[in-house]
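Hi,

Here is the structure I said I would pass along. Have a look, and my notes come after it.

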Amino acid sequence: MSQVIIVGSGFSVLSAAHTVLERGGNVLVLDKNFFFGGNSTNATSGINGALTKIQIGGEDEIKDATSASN
């Protein structure tokens with residue numbers, strides 16, 4: 001079983017920690033702040049992620065690059 005120490009707590013780091021946990025490892029997350037989130041807590045216009053309104057066909061739907069160029 002892998003044992004991982006992660007320094008920091010931004011979204012990318014927490015995603016990596018989650019992957020280790022899913023694969024049966026142990027994770028220790030260390031951060032200098034008393035809250036998690038790291039630099040991601042400064043995001044004021046939203047967090048990019050999967051299946052956002054735009055990605056699933058909201059009014060400002062983003063077209064696939066190959067279909068948009070045809």
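This is a predicted model: local features need pLDDT of at least 70, side-chain atom pairs count only at pLDDT 80 or more; totals for chains, interfaces and linings use all residues.

Below is what I found, going from the whole chain down to single residues.

Numbering starts from 1 along each chain as its sequence is written, and side-chain values use heavy atoms, with hydrogens and water left out.

The overall layout: the protein chain has 2 helices and 2 strands, in the order β-α-β-α along the sequence. Those elements are DSSP runs numbered from the N terminus (helices: H or I, at least four residues; strands: E, at least two). Of the 70 residues in the chain, 11% are buried; buried is under 20% relative accessible area, exposed is over 50%, and partly exposed is in between (1.4 Å probe, protein chains only). The accessible surface comes to about 5,900 Å², with 55% of that belonging to carbon and sulfur atoms (Shrake-Rupley method, 1.4 Å probe; for residues, only the protein chains shown count as cover). Among contacts (heavy atoms within 4.5 Å) with a separation of 6 or more, 32% are between residues 24 or more positions apart.

Now Ser9. You'll find Ser9 in the loop between β1 (3–7) and α1 (11–22). Ser9 counts as buried because its relative accessibility is 2%. Its side chain makes a polar contact with the side chain of Asp31 at 3.0 Å. By polar contact I mean a pair of N or O atoms within 3.5 Å; within protein, one must be able to donate a hydrogen and the other to accept it, and residues adjacent in sequence count only if both atoms are side-chain atoms. Leaving aside neighbours within four places in sequence, the residues in contact with Ser9 include Val29, Asp31, Phe35 and Gly38.

Ser12, in helix α1, is exposed because its relative accessible area is 60%. Ser12 and Ser40 are 28 residues apart in sequence, yet their C-alpha atoms are 8.9 Å apart in space.

Last, the surface. Ile5, Val7, Leu28 and Leu30 make a nonpolar patch of about 410 Å². β1 and β2 (26–30) are the elements that give two or more residues to this patch. Patch residues have over 30% relative accessible area and no salt bridge; like charges are joined within 9 Å, nonpolar side chains (Val, Leu, Ile, Met, Phe, Trp, Tyr) within 5 Å. A salt bridge is a side-chain nitrogen of Lys or Arg within 4 Å of a carboxyl oxygen of Asp or Glu. Ile5 sits in strand β1 and counts as exposed because its relative accessibility is 59%.

Cheers
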